[in-house]
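Here's a quick briefing on one chain, grouped by topic.

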Amino acid sequence: MPVRSKEMLMDLWMSLLLVWITCVSSASMTPIIGQSRSTQTGGPAAVASGLGEGQRLLSRAKRGWVWNQMFVLEEFSGRDPILVGRLHTDLDVGNKNIKYVLSGEGAGTIFAINELTGDIHAMKRLDREEKAEYTLKAQVVDADNNEPLEPPSEFIIKVQDINDNPPQFIEGPYHASVPEMSAVGTPVTRVTATDADDPVYGNSAKLVYSILDGQPYFSVDPNTATIKIALHGMDREMREEYLVVIQAKDMGGHMGGLSGTTTVTVTLTDINDNPPKFSKSLYEFVIPEDRTVGEVGGRVKANDRDIGENAKSTYNIIEGDDQGSFEIITDTQTQEGILRLKKPLDYENKRTFTLKVEATNIRAEPSPSGGPFKDTATVKITVEDTDEPPVFSKPMYLLEVKENAPINTVIGTVTARDPDASGSLVRYFIDRHTDLERQFNINVDDGKITLAKALDRETDTWHNITVTATEVRNHSQISRANVAIRVMDINDNAPEFADEYDAVLCENGKPGQVVQIVSAVDKDDPIQGHYFDYRLVPEMLNNPNFTIKNNQDNTISILAKHDTFRRQKQKLYYLPIIVTDNGNPPMSSTNTLTIRVCGCSKEGIVGSCNAEASVLPIGLSMGALIAILACIILLLVIVVLFVTLRRHKNEPLIIKDDEDVRENIIRYDDEGGGEEDTEAFDIATLQNPDGINGYLPRKDIKPDLQFMPRAGHFFHQQNKVS
C-alpha cells in the first residue's frame with residue numbers, strides 16, 4: 001500500500017510539471033508570433049508601392065516566424081503523442097496553399113509535424129540521459145509544387161529532465177581499514193555516488209549521504225561522504241570487522257527522492273596494545289644429567305592477543321642461573337621459549353635450579369593502559385641422576401719422550417674418575433686403532449703410559465693415541481681422551497754433505513780459484529740450531545793442491561793452490577773432509593769430494609774433461625773428428641756395396657763350366673699351340689741344364705717315345721765337350 005501511494009504521488013507530480021511547462025511555452029511564443037505577422041504585413045508591401053515602373057526592388061527577405069527553444073518532458077508515458085510546440089508563419093493567411101516541412105535529428109521518427117497547422121509532436125518516449133537535445137530545421141513550402149517559400153530555419157528541442165535515475169556507487173562495495181583504538185573523528189574512508197540526472201536543472205542530482213547500518217561505531221558526513229570513527233576505544237581483540245551501509249539520496253534528501261546504497265567493510269588493524277602473558281606462572285622440568293650441551297630441556301610460552309610482529313616476544317633468564325648452565329631462545333614458528341643446556345649438568349654437584357624467565361614484546365609501544373609489555377614466570381629444573389661414564393682430568397694430554405729412550409720408559413700418566421656417587425673403579429686401555437705398531441703400553445690400573453718400542457724423531461716427531469677409561473662395574477660406560485706424544489731430539493745423527501757435488505777444476509785457472517762451495521745437513525734438530533765445523537783429514541793437512549776456506553755461514557769454499565793442473569798428468573783428485581756438528585756429544589762424518597780436471601775456455605766455460613782431448617790437432621774438436629770418421633765409414637760402405645753389385649751383374653744366369661758347350665737341335669713338323677700352349681714343354685726342365693743326357697723332355701710325349709725317331713722327322717745332336 002505505501003508503494004502504491006508513492007507511485008500515485010509521482011504521477012501527480014509529473015502531470016503538474018508537464019502542465020506548467022506547456023503553459024510557459026505557449027505564453028512565451030504568442031507575442032513573438034504576433035510581432036512577426038505585423039512586421040511581414042507592413043514591410044515589403046509598403047516599400048513595393050513607392051517604386052517607379054521599370055525599377056527593381058533589391059532587399060533581403062525576412063522570415064515569417066521567430067521562436068525560442070522548445071522543451072519536451074522526458075519519460076512521458078501518455079497514450080497520445082505529446083505536443084512539443086507549434087510553428088506559424090505570416091504567409092499562412094488562410095487563402096494560401098502552404099505546408100510545413102520538418103527535417104533534422106529525429107524528424108519523422110521521434111518528432112512529427114502537422115503540415116497544415118505546424119504542430120510538432122513527440123512520437124516516442126524520450127530519455128534525457130540518452131540524448132539531451134535535438135537540432136531540427138523547419139521550412140514553409142508550396143503545397144502544390146513543394147517549392148520553398150522561405151529559407152529553412154533551425155531550432156532546438158531540449159529534453160527536460162525528471163528525477164528518474166537513482167544514485168549509484170560505481171566503485172562499491174568498499175573495503176577500508178583503520179587502526180584499533182583510534183580517536184573519535186578519525187577518517188576511515190570516503191565513498192562516492194553518481195546520479196545520471198541533470199545536475200543543473202532542479203535537485204534531481206543533488207545527493208545527501210546517510211548511514212543506515214554501522215552505528216554507533218561510525219558516522220558519515222552528509223555532503224562529503226567521509227566515514228569517520230564515532231565510538232571511542234574500538235578494540236580489535238574484541239571485534240575486528242564491521243559492515244557499514246551508506247545511503248545516497250537525491251532531491252537533496254527530501255521526500256520523493258531516489259536513493260542508492262553501498263556497503264563498506266571496515267577492518268580494525270592491530271596495534272601493540274597487549275603484553276605477553278605466560279599460560280602458567282610455574283613450569284617444572286626434569287633433565288637427566290647426561291644430556292649433552294645444546295639439547296632442549298623444556299619449553300615455555302607467553303601468549304599475546306596481538307597478531308603479526310606485535311605478538312612476537314623474546315625470552316630471557318633474569319634470575320637463578322649464576323653458573324650460566326642454561327640459555328633460552330625463541331622459536332620463530334611457535335613463539336615458544338626453548339630452554340637449552342649451555343653447560344653439562346652434574347647431579348652430584350647441583351640437583352635443582354630455580355630460574356626466573358621473562359617474556360618481552362619485540363615492538364614495545366606505549367600501551368593505552370600504561371602497563372609494561374612483559375611478563376615473568378618461574379621455571380624449576382630437577383637434575384636426574386644417571387650412570388655417567390668416567391671423566392678424564394683433561395680432555396687432551398700432551399706428553400714428551402726422548403728418542404732412543406729405553407723400553408718401558410714411563411712417558412706420562414692419564415687419570416679418570418667415576419663422577420657417580422657410587423664411585424666405580426676405572427680401567428685404562430689404548431685404542432690400538434690409533435697405535436697400530438704397538439709402540440706404547442698403558443697400565444690398566446693407574447693409567448701410566450710406557451714405551452714399548454724405541455722411537456726415532458727423524459722418522460716420526462709426533463704420535464697421537466687414544467686412551468679409553470672404562471668402569472669396572474659397568475663396561476658400557478666408556479670415556480676417551482686424546483694423548484699427543486712428542487718425540488724429543490737427541491744428537492744421534494752426524495752431518496753430511498748436502499749434495500753429491502760434481503766439482504770441476506779448469507786447467508787454465510789461477511791459484512786461489514774457487515773449485516766448489518760445500519754445505520752440510522744434519523737430520524737432528526737442536527734447539528740452538530746447527531753449526532758445522534769443516535776440516536781436512538789429518539793426512540791431507542799439507543795437501544799441495546787444495547785448501548778450504550770457512551765462509552762463516554755453515555759453508556766452505558774449496559780453493560786451488562796452483563795453476564799447473566793437467567789432465568794428462570792427473571784428471572781426478574779426491575779430497576776427504578771431516579764435518580762435525582755442535583751437538584752433545586758432537587757427531588762427525590768424513591765426506592770425500594771428487595774434483596775433475598777439465599779444459600775450459602778463456603771465459604771459464606768447461607769444454608772437455610777427457611785426457612785424450614789434449615793430443616787432438618789444434619783447431620779440431622772431438623765433435624769434428626767424429627763427423628770426419630762418420631764420413632769415412634759412409635764412403636767405405638758405399639764402395640763395398642758398389643763392388644758387390646758389379647760382381648753380381650757379370651755372373652751368368654745359368655752357372656756351368658765355360659768349357660762345357662752343348663747344342664741340342666730338335667725339329668718337329670708339328671704345329672705348336674702358340675703362347676697359350678703351356679702344356680707342350682716343361683719350362684722347369686728347359687731351364688735345367690742337367691737334364692737326362694742333356695735332353696729336355698716334353699710333357700706331351702710319353703717318356704719311352706720322346707727320343708725315338710719318327711717318320712718325317714730327323715734328330716740332330718751335336719755335343720762338344722772339352
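A contact here means heavy atoms within 4.5 Å. On that basis, residues 24 or more positions apart account for 66% of the contacts in the chain with a separation of 6 or more. This is a predicted model, so to speak of local features takes pLDDT of at least 70 and side-chain atom pairs count only at pLDDT 80 or more, while totals for chains, interfaces and linings use all residues. Residues are numbered from 1 along each chain as its sequence is written, and side-chain values use heavy atoms, with hydrogens and water left out.

**Overall make-up**

- The chain comes to 4 helices and 41 strands, where helices (H or I, at least four residues) and strands (E, at least two) are DSSP runs numbered from the N terminus.
- Of the 722 residues, 34% count as buried; buried means under 20% relative accessible area, exposed over 50%, and partly exposed in between (1.4 Å probe, protein chains only).
- The accessible surface is about 44700 Å², and 54% of that belongs to carbon and sulfur atoms; areas come from the Shrake-Rupley method with a 1.4 Å probe, and for residues only the protein chains shown count as cover.

**Salt bridges**

- The structure holds 20 salt bridges, each being a side-chain nitrogen of Lys or Arg within 4 Å of a carboxyl oxygen of Asp or Glu.
- R299 pairs with E336, with the closest N and O atoms 2.9 Å apart. That pair links distant parts of the chain, since R299 is in strand β17 (residues 296–303) and E336 in strand β20 (residues 336–341), 37 residues apart.
- R457 bridges to D489 at 3.0 Å between the closest N and O atoms. R457 lies in the loop between β29 (448–451) and β30, and D489 in the loop between β31 (478–488) and β32 (496–497), so the pair ties together parts that are 32 residues apart in sequence.
- In this R457 pair the arginine is buried at 12% relative accessible area, whereas D489 is partly exposed at 23%. Elsewhere, salt bridges that share partners join R236, E237, E240 and D270 into one network.

- Most residues other than glycine have a negative phi, and most peptide bonds are trans.
- The Q215 to P216 bond is cis, with omega near 5°, and P216 sits in the loop between β10 (208–213) and β11 (218–220).
- N584 and P585 are also joined by a cis peptide bond, omega about -5°; P585 is in the loop between β38 (572–580) and β39 (588–598).
- N146 has a positive phi of about 60° without being a glycine, and its place is the loop between β6 (133–142) and β7 (153–160).
- M251 has a positive phi of about 60° too, in the loop between β13 (241–249) and β14 (259–269).

**Individual spots**

- T470, in strand β30 (residues 462–471), is buried at 10% relative accessible area. Leaving out residues up to four places away in sequence, T470 touches P390, L425, V426, R427, F429, H475, Q477 and I478.
- A183 is in the loop between β8 (174–179) and β9 (187–190), and its C-alpha is 6.1 Å from that of H232, 49 residues apart along the chain.
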